[in-house]
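Please read the points below with the model open alongside.

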Amino acid sequence: DSVFKFALHEYIYRWQGRHPLPYDFFASFSDASNRDLNWFIKPWFFETAVADMGIKKITNNNNIIIENYGGLPLPIKLKVEYTDGSEDELFENTSIWSSGNTAAIISANNDKTIKQVILGDNNIPDINSLNNIFAVDTTDE
């Protein structure tokens with residue numbers, strides 16, 4: 001938040017009274033934040049990426065693999081329900097996609113057994129909500 005606020009104020013200062021183009025905004029933000037933001041800017045403004053993430057897999061050691069099917073960098077919010085009735089909320093901001101990976105690994109509590117994982121909420125867009133809930137079969141056969 002503080003970096004964003006600084007970059008926004010810097011952009012306003014640099015371009016006051018002038019007529020910036022969108023490229024000027026992007027370049028100013030990248031320069032002021034001292035970060036390469038192309039991983040975020042390109043899919044949001046110049047490519048046909050869509051908002052589509054899904055739960056691909058849950059490993060035996062409670063690693064939750066999230067696949068970014070649509071390529072749009074979005075935050076990851078998970079609600080993890082355990083068999084003992086407890087819950088965790090896990091969050092990763094959009095910078096988790098800055099390395100260019102199409103999948104991310106989020107670690108849940110390894111001392112508990114996962115019952116169900118829910119990806120996203122009403123504030124995070126997703127065009128396919130069918131792959132946003134992963135229920136683990138905990139029945140013994």
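Which residues of the largest nonpolar core touch the most other members?

1. The model is predicted: local features need pLDDT of at least 70 and side-chain atom pairs count only at pLDDT 80 or more, while totals for chains, interfaces and linings use all residues. Residues are numbered from 1 along each chain as its sequence is written, and side-chain values use heavy atoms, leaving out hydrogens and water.

2. Ile64, Ile66, Ile76, Leu78, Val80, Ile114 and Val117 touch the most other members of the largest nonpolar core, which has 21 residues. Such a core is a set of buried Ala, Val, Leu, Ile, Met, Phe, Trp, Tyr and Cys residues joined through side-chain atoms within 4.5 Å; buried means under 20% relative accessible area with a 1.4 Å probe, protein chains only. Two or more residues each come from β1 (53-58), β2 (63-68), β3 (76-82), β5 (103-107) and β6 (114-119), and β3 gives the largest share, 4 residues. Strands are DSSP runs (E, at least two residues) and helices likewise (H or I, at least four), numbered from the N terminus.

3. Ile76 lies in strand β3 and counts as buried because its relative accessibility is 1%. Its C-alpha is 9.4 Å from that of Asp121, although 45 residues separate Ile76 and Asp121 in sequence. Contacts of Ile76 (heavy atoms within 4.5 Å), not counting residues up to four places away in sequence, include Met53, Trp97 and Leu119.

4. In helix α2 (residues 22-33), the buried residues are Phe26, Ser28, Phe29, Ser30, Ala32 and Ser33. Among what covers them are α1 (2-15) and α3 (38-46). Just after α2, Asn34 takes a positive phi of about 60°.

How values were computed
Buried < 20%, exposed > 50% of the residue type's maximum accessible area, 1.4 Å probe, protein only.
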